[in-house]
Each structure stands twice: as C-alpha cells, then as structure tokens.
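This report walks through selected features of one structure, from its overall make-up to individual residues. Please keep the sequence and the coordinates at hand while reading.

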Amino acid sequence: MVAMSEDTEIERAGFVERAIVRHQAGAATPAIDHVAEEIPVALVFNGISHVVMMATPRDLEAFAYGFALTEGVVASADAIFDCEVFLRPDSAEVALRIAQEDFVRLKDRRRQLTGRTGCGVCGIDSIDMLDLQPAPLPPPLIRVDLPAALARASAGLREHQTLMRETGGVHAAAWCTPDGDIVHVFEDVGRHNGLDKLIGHLALHGIDMRRGFVFLSSRGSYELARKAARMRIPLLATISAPSSLAISIATQAGMKLAGFCRQDAYVDYTPGITL
C-alpha cells in the first residue's frame, strides 16, 4: 500500500508566474509569463537520502517509482512498500520504504550525487560504476508498423503537452499502443525525469511495458535508452537524434531505436532489429 502526505498542496501546476518584459521590433511590453517550475527533489530510501534531482514538482510518486526501477534500486515495483511525498514551497522529498534485500544492495553501491537537469551520471567517480551492458530483451510481444505508428504518435503528441503549451520549456514522455495511439504523457524539465514519471505510472498501474512503446520529445541520450532497456520496452522513439552510446545500448539489448520521428519520416538506428 502506498501512502502519500504533503506539507503543502497535493499537486502543483508545474509552472510559476514571473514578471517579464517582451522585446520585439523595438517595442518593450511588460507581461506575466508562465515558467516551468524546477525544484530539488530528494529521494530517500529506508531513511537514507540517496539522490537529489532537479525536477518539476508534479507526479512525484510516479517519479520516485520510475527512478527506483530504471536505476535498478529495486528489482520490481513489488519491492516498494510505502511512498510518502512531502511537497514544500521550494523543495520536495519522497520517502520510500523498500525491501531489505534491495536496500542492502543499494547500500553496497550507494553513491551520493546531485542530479542536474539533463544529467544522468552526476556524482559517479568511476567508469566501472556505469551500467552500460543491458541484458537482451525477450522476444517482442507486439508487431509494429513503424511508419504508421510513428506518424500517429508524432501527430498526436502536441495535444497532450499541456505544460509545454504553458511554458515552452519541458520535455514529454508518452506511452503509445503498438498502433501509435498515445495513452499516457508525463512532462518535466528533465527528459529523463519525464521518462521516470511515465515508467513509474505504468508500474503503479500494472501496465505491461512489453506491449507498447515510448515516444519522447527529446534527443535519444544514453540514459534514456538504458532506462527503457532495463524495463524491457521494445521500442524507443524520439523527436531528435540519438547518441552513439544510445544506439549501442539499444543494439545490445535488441531494442528498436528510432529518431527524427515526424508524421512523414523517421530514421531507423537499429535496422537489424525487427518488431
């Protein structure tokens, strides 16, 4: 059972109002703008603070679940027994109680780090600590017509990006059916945070991550590919380009990776992998 408690309101909008001056064609116009909110979020496991991430203070329970799963803190969502969210004006803390065997393993490899927006390995002081060897994915359970599915996902993402429309400054992670219909979308200032929120939501609701694909409004960085591979997601698609390491990870895992996805085009970076 998951418990939640907050020091302030249950949910924040994800943006704040700021006074600005717009300059255009030589004219200056005072206005109020909506800016994406970014605060430090501490993730605490069994009473020990493990990491502080800069994130948008929405869907923090899902974020914590997703981070714990995609970073290998826990082997499964069943190993998370409680989750309490403490949301404060300028920061947040998410306290999770996890299975003892997972906690012992976490302590063995525990690292103190502060994550910045767009940062996946801050605080790691040894190359050996990087987990760049994904296990092979099981045979796919879905069949995907890539041109049609990616075109449908590309066409539908914008209407789900409510926070992006308000601020112009966040990433989106979408869960899609094999046909490309968008079912769930989570947004955050950090692209990896958005993916963690999405994966956490899927895990909390018992959704089989082998039976759909992820579509991201970002480049395909290595940590996104690693997180997706760890969760056995068969296809990762992005609006922008992937990195060479992301391609290597997808290839090792047997995960399809597509980039530069548009309504009429995409690039297949793992042509040897079929769905």
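Which residue just after α7 takes a positive phi? In this predicted model, that residue is Gly254, whose phi is about 80°.

## Overall make-up

The chain has 275 residues, of which 48% count as buried, and its secondary structure comes to seven helices and 13 strands. When contacts between residues at least 6 apart in sequence are considered, 56% of them join residues at least 24 apart.

## Helix α7 and its covered face

Helix α7 spans residues 244-253, and its buried residues are Ala246, Ile249, Ala250 and Ala253. Viewed down the axis of α7, these buried residues fall within an arc of 95°, so they line one face of the helix. The elements that cover the buried residues of α7 include α6 (222-230) and β12 (256-259).

## The packing of α1 against α5

Two packed helices are described by the angle between their axes and the distance between the axes. For helix α1 (residues 60-70) and helix α5 (residues 191-204), the axes come within 6 Å and cross at roughly 95°. Since angles of 65 to 115 degrees count as roughly perpendicular, α1 and α5 are therefore roughly perpendicular to each other. On the α1 side the contact is made by Glu61, Ala62, Phe63, Tyr65, Gly66, Phe67, Leu69 and Thr70, while α5 contributes Asn193, Asp196, Lys197, Ile199, Gly200, His201, Ala203 and Leu204. By residue class, the contact of α1 with α5 divides into eight nonpolar, five polar and three charged residues.

Is Lys197 buried or exposed? At 0% relative accessibility, Lys197 counts as buried, the cut-off for that class being under 20% relative accessible area. Once its neighbours within four places in sequence are set aside, Lys197 is in contact with Thr56, Arg58, Asp59, Ala62, Phe63, Phe186, Glu187 and Asp188.

## Cysteines

How many disulfides does the structure hold? It holds zero disulfides, where a disulfide is taken as a pair of cysteine sulfur atoms within 2.5 Å. In the case of Cys261, the closest cysteine sulfur belongs to Cys176 and is 9.9 Å from its own sulfur, which is too far for a bond. Cys261 is buried, with a relative accessible area of 2%, and Cys83 is likewise buried, with a relative accessible area of 0%.

## Loop residues and backbone angles

Most residues other than glycine have a negative phi, and most peptide bonds are trans. Against that background, Ala25 has a phi near 50°, a positive value in a residue other than glycine. Ala25 lies in the loop between β1 (15-24) and β2 (27-36), where it is exposed, with a relative accessible area of 84%. Phe260 also has a positive phi, of about 50°, although it is not a glycine. Phe260 is found in the loop between β12 and β13 (267-268), and with a relative accessible area of 35% it is partly exposed.

Gly47 is found in another loop, between β3 (39-45) and β4 (48-55), and at 69% relative accessibility Gly47 counts as exposed. Although Gly47 and Leu96 are 49 residues apart in sequence, their C-alpha atoms are 8.0 Å apart in space.

Terms used
Residues numbered from 1 in each chain as written. Predicted model: local features only at pLDDT ≥ 70, side-chain atom pairs only at ≥ 80, totals over all residues. Heavy atoms only, no water. Axes fitted to C-alpha atoms, helices over the stretch in contact; angles between N-to-C directions. Helix = DSSP H or I, 4+ residues; strand = E, 2+ residues; numbered from the N terminus. Parallel < 35°, antiparallel > 145°, perpendicular 65-115°, else oblique. Contact = heavy atoms within 4.5 Å. Nonpolar A, V, L, I, M, F, W, Y, C, P; charged D, E, K, R; others polar. Buried < 20%, exposed > 50% of the residue type's maximum accessible area, 1.4 Å probe, protein only. Arc of directions from axis to C-beta.
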